[in-house]
Amino acid sequence: MLALVFGAVAAMGCSDDDETITVYAGRSQNLIGPLLERFAEDTGIDVRVRYGGSTDLALLLQEEGDRTPADVFISRSPGPIGFLAERDLLAELDDDVLELAPSSPSGYWVALTGRQRVLVYNKELFDPADLPTSIHELTEEKWLGRVALAPTNGSFQDFFTLFRLSDGDDVAFAWLKALHDGGAPVYPNNVSIVQAVARGEIELGLVNHYYNLRIQVEDPSTPSENHRFRDGDPGGVTIATAIGATASGDKDVAQKLIRFLTSKVAQEYFGKANFEYPLATGVELEGVAQSPGPIDLGEFDRLGTSLERTIELIREAGFEP
């Protein structure tokens, strides 16, 4: 299990009833921490945070059950939050909260942002017109051994689960097995893949879109670029981040945080600070990229029950998630 970091975000003031909220955050402290600090300052609510991997925190919540101190679970991807919803560990959100952003048909969580899967490449080595337009092409001999993967990463596992659901287990497994047997380079996460492409260590990699955008801001001379697969291709799916209230926590205070994270100030932060696609309903933002297409949250609801099979297939293909 990955290390979990527990910390407190000090409120700038105290609310009349000394409200406290405990957040299990499967997003990095660097990203979500400033927003939680702003929430504490604006509301006077004392915010306590436990950081960790989304899957690790979901498993912890399952282990803790009704004893958990958590009021809110923020997930990097829909798989872990769907896992909790399937086990009745989340509270059904109020209708007005579900209307704040695209929400799960189950009523247990709402989407905060979107992250599109792309192929990052070294522009010094490729003309984008020569790059594959579908992930199915990656099993062709000319691409084998050239495309890096991060099989342990939650976003890769969510992508692969959705690939399975759309194309079937046999097709998805054959694709992954071909990449493994062809010598696909393996990295622990999206960041390391993008950095390796920028260094010229590898040629291509499957990642979320915003990692390379962040590197381009930090170093405009980087040779790494994003390449999007054709519309409708399973390799270009946009995956949602998610938030829900725990079944045994304080639902009212949890929904206050959900309202804040779907507000204009928070959505603008997600878009400008991390280059994710804001998803809140009716929030108009200038200078922030919008999601390239609709997100099927109905499919995402199935991730929680399909993740175990995904991990089995990744292992059977020869990778170790």
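Predicted model: local features only at pLDDT ≥ 70, side-chain atom pairs only at ≥ 80, totals over all residues.
Helices, in the numbering used here, are DSSP runs of at least four residues, numbered from the N terminus.

Helix H3 covers residues 78-86. Of its 9 residues, 8 are buried, so the helix is largely enclosed by the rest of the structure. The buried residues are Pro78, Gly79, Pro80, Ile81, Gly82, Phe83, Leu84 and Ala85. After H3 comes Asp88, which has a positive phi, near 60 degrees.

Two packed helices are described by the angle between their axes and the distance between the axes. For helix H7 (residues 190-199) and H8, the angle is about 50 degrees and the axes lie 9 Å apart. H7 is therefore oblique to H8. The crossing of the two helices, H7 and H8, is right-handed. On the H7 side, the contact is made by Asn190, Val191, Val194 and Gln195; on the H8 side, Tyr211, Asn212, Arg214 and Ile215 take part. By type, the residues of this contact of H7 with H8 comprise 4 nonpolar, 3 polar and 1 charged.

Arg214 belongs to helix H8, which spans residues 209-218. When neighbours within four places in sequence are set aside, Arg214 is in contact with Val191, Ala273, Asn274 and Phe275. One of these, Val191, is among the H7 residues that meet H8. Another, Phe275, is 61 residues from Arg214 in sequence, while the C-alpha atoms of the two residues are 7.2 Å apart in space.

Technical notes:
Residues numbered from 1 in each chain as written. Heavy atoms only, no water. Contact = heavy atoms within 4.5 Å. Buried < 20%, exposed > 50% of the residue type's maximum accessible area, 1.4 Å probe, protein only. Axes fitted to C-alpha atoms, helices over the stretch in contact; angles between N-to-C directions. Parallel < 35°, antiparallel > 145°, perpendicular 65-115°, else oblique. Left-handed = near helix turned anticlockwise from the far one by under 90°. Nonpolar A, V, L, I, M, F, W, Y, C, P; charged D, E, K, R; others polar.
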